[in-house]
Amino acid sequence: MTYRTEKDTLGIVKVPVNKYWGAQTERSRNNFKIGTESSMPIEIIHAFGLLKKAAAHVNFELGILSKKKKDMISLVCDEIIDKKLDDQFPLVIWQTGSGTHTNMNINEVISNRAHVLMGGILGNSPSYIHPNDDVNMSQSSNDTFPTAMHIASYQKLVKRTIPSIQKLKKIMKKKSELFHNVIKIGRTHLMDAIPITLGQEFSGYVSQIDHGLNAIKKTLDHLSELAIGGTAVGTGLNAPKKYDIKMTEYICKYTGLPFKVAKNKFEALSSHDAIVESHNALKQIAVSLIKISNDIRFLASGPRSGIGEIYIPENEPGSSIMPGKVNPTQCEAMIMVCTQIIGNDMAISMAGSSGNYELNVAKPLMAYNFLQSSQLLADACTSFSSFCVRGIKPNYQRIKEFLDKSLMLVTALNTHIGYEKSAKIAKYAYENNSTLKEEAIRLGYLTVDEFEKLVNPSKMV
């Protein structure tokens with residue numbers, strides 16, 4: 001690889017000749033060779049493109065940036081937003097906790113790309129647009145990075161995560177309605193309990209998902225607050241009056257989303273409770289989906305030695321050694337995804353507590369984990385809906401078999417012959433491998449007609 005020379009306040013740095021980034025990006029690239037999978041999320045980069053474009057327009061309107069510079073910065077920002085420069089952002093999340101390196105990566109790429117668009121050659125003469133003085137005008141990494149975090153996170157939730165969860169809820173609700181007359185045995189403590197309908201069982205899943213969706217939506221108000229205009233510590237030093245208001249107006253215009261100026265910029269820079277709060281709602285849904293996925297795979301277990309009350313789609317062969325085996329793979333994938341999200345939540349909680357005085361110093365980690373969780377949950381819900389839930393069918397024969405054999409139907413007799421006599425019926429039926437009806441009649445507690453009238457599963461649900 002051939003190199004050109006760039007310089008920053010610490011001196012000269014060699015940079016790959018064909019890359020738009022500059023000295024500060026290259027220093028970070030060489031100083032933080034940590035991990036192979038943890039590049040800065042591209043959603044953060046695209047959010048920065050929106051932010052830097054907005055800043056150029058606002059600074060021009062406020063009379064502190066020339067029209068020509070505003071136009072050139074906007075032109076490059078459009079390329080960033082349109083994903084044309086994705087390969088120019090090589091930095092990992094394991095860098096400065098403020099995200100300064102990524103902010104400067106953006107600034108340098110905009111500066112150098114503008115230089116080339118204006119006919120310049122990389123490395124030859126300073127760019128007409130300075131990365132700090134022009135691209136970063138009225139800003140600090142300390143307010144731009146959290147602003148990009150909120151833009152990217154909000155967009156991901158409303159455009160990908162929430163719609164995917166809503167799709168799963170809709171399909172689950174349809175199944176609940178289809179199964180509303182399918183009477184089966186309920187289970188508590190993994191043991192036989194009184195009857196329930198399969199539809200009622202699925203309605204519980206629908207409610208869990210609905211509560212999780214509502215929890216996410218309730219966090220959007222806090223997440224919509226933008227730190228921009230707080231600059232270094234929240235005081236707004238070097239940002240002109242009304243800069244924050246105008247910036248938020250432009251960002252709303254570009255995204256079509258209801259962002260607003262942070263109520264308190266000291267809080268917006270020094271803590272990221274909005275991210276913590278919103279991700280906690282993602283964790284809530286993850287917890288629910290693990291329960292739901294486990295229930296479904298247990299209900300489908302077998303086919304001959306498990307519960308087997310439902311059929312789930314057979315998508316792939318399940319074993320490299322056991323012919324004909326098919327496994328509940330979508331359930332397993334969902335459980336792994338949700339386990340990852342729960343882990344991410346712990347990391348975000350610890351990172352959120354790392355706000356020392358006026359600045360949180362774990363921003364890149366929070367951004368990475370939040371966006372990963374949001375994307376994973378969206379993808380897993382889509383996959384689970386399409387390749388599992390949509391194809392669930394009751395195994396009517398198996399359901400009836402369990403229902404007919406259940407000893408817990410005796411519960412219906414409690415209010416007629418008392419708990420102790422009912423327990424004796426169940427005990428003898430179990431010990432003698434007989435039926436509840438047989439023992440109730442043998443013990444002289446009920447007649448045939450009385451038993452059949454009282455022990456009716458359809459009236460117990």
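In which helix does Lys174 lie? Lys174 belongs to helix α6, which spans residues 141–178; helices are DSSP runs of H or I with at least four residues, strands are E runs of at least two, and both are numbered from the N terminus. The model is predicted, so that local features need pLDDT of at least 70 and side-chain atom pairs count only at pLDDT 80 or more, while totals for chains, interfaces and linings use all residues. Residues are numbered from 1 along each chain as its sequence is written, and side-chain values use heavy atoms, with hydrogens and water left out.

**Surface charge**

- Lys167, Lys170, Lys174 and Arg390 form a positive surface patch.
- Patch members have over 30% relative accessible area and no salt bridge, with like charges joined within 9 Å and nonpolar side chains (Val, Leu, Ile, Met, Phe, Trp, Tyr) within 5 Å.
- A salt bridge places a side-chain nitrogen of Lys or Arg within 4 Å of a carboxyl oxygen of Asp or Glu.
- Lys and Arg count as positive and Asp and Glu as negative, whereas His and the chain ends are not counted; each charge is placed at NZ of Lys, CZ of Arg, CG of Asp or CD of Glu.
- Lys174 counts as exposed because its relative accessibility is 55%; exposed means over 50% relative accessible area, buried under 20%, and partly exposed in between (1.4 Å probe, protein chains only).

**Backbone features in loops**

- A cis peptide bond, with omega of about 10 degrees, links Gly302 to Pro303.
- Pro303 is located in the loop between α10 (273–299) and β7 (310–311).
- Leu190 is not a glycine, yet has a positive phi of about 65 degrees.
- The loop between β3 (183–188) and β4 (191–197) contains Leu190, and this residue is exposed at a relative accessible area of 78%.
- Asn238, also not a glycine, has a positive phi of about 75 degrees.
- Asn238 is found in the loop between β5 (225–226) and α8 (243–255), and counts as exposed at 66% relative accessibility.

**Cysteines**

- Zero disulfides are found in a search of the whole structure, where a disulfide is a pair of cysteine sulfur atoms within 2.5 Å.
- For Cys77, the closest cysteine sulfur is that of Cys252 at 17 Å, which is too far for a bond; Cys77 is buried, with a relative accessible area of 0%.
- For Cys388, the closest cysteine sulfur belongs to Cys331 at 4.2 Å, also too far for a bond; Cys388 is buried, with a relative accessible area of 2%.

Notes
Accessible areas come from the Shrake-Rupley method with a 1.4 Å probe; for residues, only the protein chains shown count as cover.
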